[in-house]
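Here is a short briefing to read alongside the model. Please keep the structure open as you go through the points.

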Amino acid sequence: MPTRTDPFAADYFQARERFRQAAEAHNARLETHAIAARGPNDEELTLDAALFGSDSPRQTVVVSSGVHGVEGFFGSAVQVAALQRLESLADLSRDTRLVLLHAVNPYGFAFRRRWNEDNVDVNRNLLREGEVFAGSPPLYGALDPLLNPKSPPGRFDGFLPKAGLALARYGWRGLAETLPVGQYAFPQGLFYGGAEPSESNRILSRRFESWLGGAKDVVHIDFHTGLGKHGDYELYLPHTAGSAEAQWFEKHFDAARVAAVPVGKEGEEPAGYPTRGSFDQWCVARFSDRNYKFACAEFGTYPTIAVVAALRAENRAHHWGAADADYEWTKQRLVEVFSPRSTAWREKVVNKGLEIVEQALVSHADCVS
């Protein structure tokens with residue numbers, strides 16, 4: 001069993017083993033779904049699902065991690081810690097199910113990328129029915145030379161002043177509504193949504209209804225890092241501000257951290273950003289016949305510009321860098337901006353993550369009808 005003091009794993013494979021061991025210790029029904037891509041040393045890569053509780057649930061709680069591969073270091077840590085520490089796991093009511101989805105993007109986790117084996121952002125690949133894998137935000141083409149230079153990365157390549165000029169030209173709102181939204185025209189670029197459903201997408205499409213088990217009430221927490229104040233978090237909802245779902249989250253979680261509107265008011269720094277093909281929108285639309293309440297639990301690490309710089313450098317190394325010179329330092333930097341080594345940060349965010357899971361588990365009795 002993993003230690004109780006540090007649930008953070010050194011790599012994807014250790015994280016997966018810890019998750020499986022902890023799930024099996026609780027007699028979970030464990031599913032493993034392998035993808036075609038292989039690991040750095042030709043290992044099998046899997047999305048793992050651990051199911052607890054009722055075979056015929058009235059309500060299901062879903063806790064997912066690693067949709068953005070490298071962010072799985074944090075999400076996995078919370079899931080493992082929850083299996084180790086939360087007494088409520090042993091007290092699930094007879095009509096409740098808990099589903100833990102580990103490493104939704106196993107390739108990205110294993111290779112320390114945000115994207116998958118096809119450079120696809122899985123959280124921009126989950127298009128809803130009727131949407132097409134085409135197009136990009138109007139400004140993305142103008143920003144592509146800055147975001148995705150077709151050359152090896154350098155530690156000091158002048159990105160920050162160039163980014164400052166782009167910010168001055170387009171404004172924060174323009175960049176927030178362009179860069180992270182999702183684009184389908186630049187396959188080697190950042191936030192590429194793909195040309196077809198990814199393998200993770202197909203696994204989710206094939207298995208998700210079975211994981212929910214027919215429950216009409218669903219609470220889903222999806223863990224992410226990289227946006228917001230260092231060590232703090234917000235719950236971003238796909239639900240409309242003032243809706244019954246948003247009010248429910250404000251009642252059962254920390255209301256001050258619930259953000260039902262994805263961006264701030266005119267003139268303010270965005271509280272989040274709009275997206276295409278995201279997991280939250282996919283779930284809510286796909287299961288619109290259910291009372292599906294989704295929250296993205298986003299934990300802050302470093303300033304946004306540092307996160308973008310790390311993503312940019314790693315992407316350049318992946319496509320155009322030399323493995324011995326560029327690859328490893330960009331990977332280490334990327335892991336740091338999404339999962340800081342700071343013991344204080346790790347202890348704080350895991351404890352906050354456990355609180356969120358606990359709140360989700362005890363809140364089901366008062367689901368919106």
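Asn-27 sits in the loop that links helix H1 (12–25) to strand S1 (29–38); helices (H or I, at least four residues) and strands (E, at least two) are DSSP runs, numbered from the N terminus. This is a predicted model, in which local features need pLDDT of at least 70 and side-chain atom pairs count only at pLDDT 80 or more, while totals for chains, interfaces and linings use all residues. Residues are numbered from 1 along each chain as its sequence is written, and side-chain values use heavy atoms, with hydrogens and water left out.

**Loop residues with positive phi**

- Most residues other than glycine have a negative phi, and most peptide bonds are trans.
- Asn-27 has a phi near 60°, a positive value in a residue other than glycine.
- With 68% relative accessibility, Asn-27 counts as exposed; the classes are buried under 20% relative accessible area, exposed over 50% and partly exposed in between, for a 1.4 Å probe and protein chains only.
- Ala-103 also has a positive phi, near 60°, and lies in the loop between strand S4 (96–102) and H3.
- Is Ala-103 buried or exposed? At 0% relative accessibility, Ala-103 counts as buried.

- You will find Trp-115 in the loop between helix H3 (106–110) and helix H4 (140–147).
- Trp-115 counts as buried, at 0% relative accessibility.
- Leaving aside residues up to four places away in sequence, Trp-115 touches Asn-105, Tyr-107, Gly-108, Val-120, Asp-121, Leu-190, Phe-191, Leu-311, Glu-314 and Asn-315, where contact means heavy atoms within 4.5 Å.
- From Trp-115 to Arg-341 the separation is 226 residues in sequence and 21 Å in space, C-alpha to C-alpha.

**Helix pair H2 and H11**

- Helix H2 (residues 72–85) packs with helix H11 (residues 343–362) at an angle of about 60°, and their axes are 9 Å apart; axes are lines fitted to C-alpha atoms, for helices over the stretch in contact, and angles run from 0 to 180 degrees between N-to-C directions.
- The crossing of H2 and H11 is right-handed; a crossing is right-handed if the near helix is turned clockwise from the far one by less than a right angle, and left-handed if anticlockwise.
- On the H2 side the contact residues are Phe-74, Ala-77, Val-78, Ala-81, Ala-82 and Arg-85, and in H11 they meet Trp-345, Val-349, Val-350, Asn-351, Gly-353, Leu-354 and Val-357.
- By class, this contact of H2 with H11 has 10 nonpolar, 2 polar and 1 charged residues; Ala, Val, Leu, Ile, Met, Phe, Trp, Tyr, Cys and Pro count as nonpolar, Asp, Glu, Lys and Arg as charged, and the others, Gly among them, as polar.

**Helix pair H5 and H9**

- Helix H5 (residues 159–176) and helix H9 (residues 304–320) pack with axes 12 Å apart and an angle of about 120°.
- That angle makes H5 oblique to H9; angles under 35 degrees count as roughly parallel, over 145 as roughly antiparallel, 65 to 115 as roughly perpendicular and the rest as oblique.
- H5 and H9 cross in a right-handed sense.
- Phe-159, Leu-160, Ala-163 and Trp-172 of H5 meet Thr-304, Ile-305, Val-308, Ala-309 and Arg-312 of H9.
- The contact of H5 with H9 divides into 7 nonpolar, 1 polar and 1 charged residues.

**Cysteines**

- The count of disulfides comes to 0, a disulfide being a pair of cysteine sulfur atoms within 2.5 Å.
- For Cys-283, the nearest cysteine sulfur is that of Cys-296, 12 Å away, too far for a bond.
- Cys-283 is buried, with a relative accessible area of 0%, and Cys-296 is buried at 13%.
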